[in-house]
Amino acid sequence: MTSENTPLLRRTASSLSEINNSRLYLAVFSAVLGNFNFGYSLVYPSPVLPKLTSPDADPRLRMDPNQAAWFGSIYSLGAAAGGLGAMLLNDLIGRKMSIMMSAVPSTAGYTLMGGAVNLSMLHAGRFLTGVAGGMTAASIPVYISEISHKKVRGALGSCPQITAVFGTLTLYALGLVVPWRWLAVAGSVPAVLMVVLLVFMPSSPRRLLSLGQEQKAEKALRWLRGSNYNTSIELNAIQHSINTQVKVTWAQLGKPIYYRPILISVGMRFLQQMTGITPILVYMEPIFAKSNVSLEPRYDAAIVGAVRLLSVAVAASLMDKAGRKALLYTSSMLMFLSSLTLTMISHTTPCPAVNITAPAPNSELGNTLQASQETALSFVPLISTVVFIFGYAMGWGPITWLLMSEVLPLVARGVASGLCVTVSWVTAFVLTHVFTLLVDAYGLYVPYLMFTVVCVFCLLFNAVCIPETRKRSLEEIENYFRTGRTFTIRQNHPSVVSS
C-alpha cells in the first residue's frame, strides 16, 4: 500500500464509521409498506375462496371452479401490467413516486372487493390490487438498493420479502376471525400509510445525480447517512458510475455488461415462480383440504405463514454472513427434498395392501395403532409444506429480489426491473391458472412433480450463472460484468473510489 493512498483510505473508513442509519431505516420502512400490502393482497383468495365457493355463499358472488381459478390467477395478470407500467414510471418519475402511485390501484381494488355485489367487481378489484403489487415489486427493491450503503444492503435488501411475508401472515391470521369483506377494508390501510410516510422521504441520490441535481443528491444522501457523514466520497463514486454509463441501444444489449445481468435477473424471476410458490400460497387452504391434514386448513395456513416469516428473518441475518450463493444452494435443496416428499405422498397409485390377520383379542389395539399411524401420516403434507416454504423464504424468495436490484446496470435498471417483474408475473398467471386444472385432472401429484424438477434447475442455475455479490458495492458488481472476471475497479483518478 502506497503512502499517498493511506489518507484516502483513512477518510473512507472514518466516513463509514460516522454513518447514522436511523433515517435510512425509516425510509426503508416507509417503502416496504408497499411490500406488506403486496403480500397481503397476493394470498387474499386463500381464506376467501372457501367462503365464496360454498353452497351458503351469496348467489350473486358464488363461484364455480373456473371462476375461482380466475379469481386466484387474475392478480398475476394485474401484476404483469403493473410491472410494465413500472418500466416507464421508474425512469419517468423516479422510484419513490412510482411506489407512491401504486397506492391508487391498491385502494381502488380493495374498495371494489369490499363492496362487491357481483363477480365482475371481485375480479376487477383483484386485478387492480395485482397492478399495485407489480408496481411495488419493480420499484421498491431498486429504491432500497440505491439509498443503502454496502454494509447493510444485504439485510435491507431482504426487507421487501420480510414485509411481504408479514403481510401474508397478517392476512392468514385475520382470516381466522374477520369476515372476508372486512379483510379487503383492512388491506387499504398500509397503502395509505405508505403514501403519508413517503412524502417526507428523499428520492434516490443516484437518480438525482443522473438528472444533474447535485445539490439535491448531496442533501438526500446526507439525510440518509447522518449530518456527520462525508458525502463527497460516495457521491464521487456514484457520479463515476453514472459517467461510465452510456445510453443503451438494441445493438449494445449484445454486450456482456448488459445482457448477462438482465438474463440472470430474468432467469431467477422465472425459476422463482416455476418452483410453484405462488399457487401454493394462493390456494393454501384448498390444498390442505385436499391433502386431508388433521388440522383445519385455515390453521395450517396460519402455521405456514408464521414459519415463512421466521425463515425470512433467518435469511436476513445470514445474507451478509453466509453469502447469497450458499443460501440459494440451501434453499434449492430444501425445496427439492420437500417437493419430492409431497410428490410421493400425493401419488394416486395405491400401494399393494398387506393383509395381516391379527388375533381377535388384539383387534382393538390394532385399530388404535392404525388410527395413530394415519393421524401421524396426515401431518406429512403440512410438515413438507412448512419445509418447502422455509427453504423458499430463506433463499429464492428474498435473494432473488435483492440480486435483481444489485446486478442490473444503472442505465437500464428501471426498464430491466420492470421487465423482470413482468416475466415473473406472466409466469405466475399461467402457473396459477393451470395449477387448478392439473389438480382437477390428475390430483396434486403432477404439479408437485413439476416443482421438484424445477428445483433441480434452480441448483444448476445457481452453480453456473449467479455471481457472489456479498460485500460488493453496486459499482464493483457493474465492473464484474464489464470485465467478465473481476470486481476490482481500476480508475484513472485516485480521488474516486467505490462506495
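This is a predicted model: local features need pLDDT of at least 70, side-chain atom pairs count only at pLDDT 80 or more; totals for chains, interfaces and linings use all residues.

Modeller: The patch on the surface is nonpolar and consists of L449, V453, V456, F457 and L460, which together have about 420 Å² of accessible area. One of them, V456, belongs to helix α23, residues 445-464. With a relative accessible area of 35%, V456 is partly exposed, because anything between 20% and 50% falls in that class.

Now the rings. Searching the whole structure turns up nine aromatic pairs. Among them is W70 with F429, a tilted pair at 5.8 Å centre to centre and 40 degrees between the planes. W70 is in helix α4 (residues 65-92) and F429 is in helix α22 (residues 413-442), so this pair ties together parts 359 residues apart in sequence. W70 counts as partly exposed at 34% relative accessibility, while F429, at 15%, counts as buried.

Then there's Y283 with F435: their ring centres are 6.0 Å apart and the planes sit at 10 degrees, so they're stacked. That pair also links distant parts of the chain, 152 residues apart, with Y283 in the loop between α15 (277-282) and α16 (284-291) and F435 in helix α22.

As for the setting, the protein has 24 helices and zero strands, and 55% of its 499 residues are buried.

Technical notes:
Residues are numbered from 1 along each chain as its sequence is written. Side-chain values use heavy atoms; hydrogens and water are left out. Helices (H or I, at least four residues) and strands (E, at least two) are DSSP runs, numbered from the N terminus. Buried means under 20% relative accessible area, exposed over 50%, partly exposed in between (1.4 Å probe, protein chains only). Patches are made of residues with over 30% relative accessible area and no salt bridge: like charges are joined within 9 Å, nonpolar side chains (Val, Leu, Ile, Met, Phe, Trp, Tyr) within 5 Å. Accessible areas come from the Shrake-Rupley method with a 1.4 Å probe; for residues, only the protein chains shown count as cover. A salt bridge is a side-chain nitrogen of Lys or Arg within 4 Å of a carboxyl oxygen of Asp or Glu. Rings of Phe, Tyr and Trp (its six-membered ring) pair if their centres lie within 6.5 Å; planes under 30 degrees apart count as stacked, over 60 as edge-to-face and the rest as tilted.
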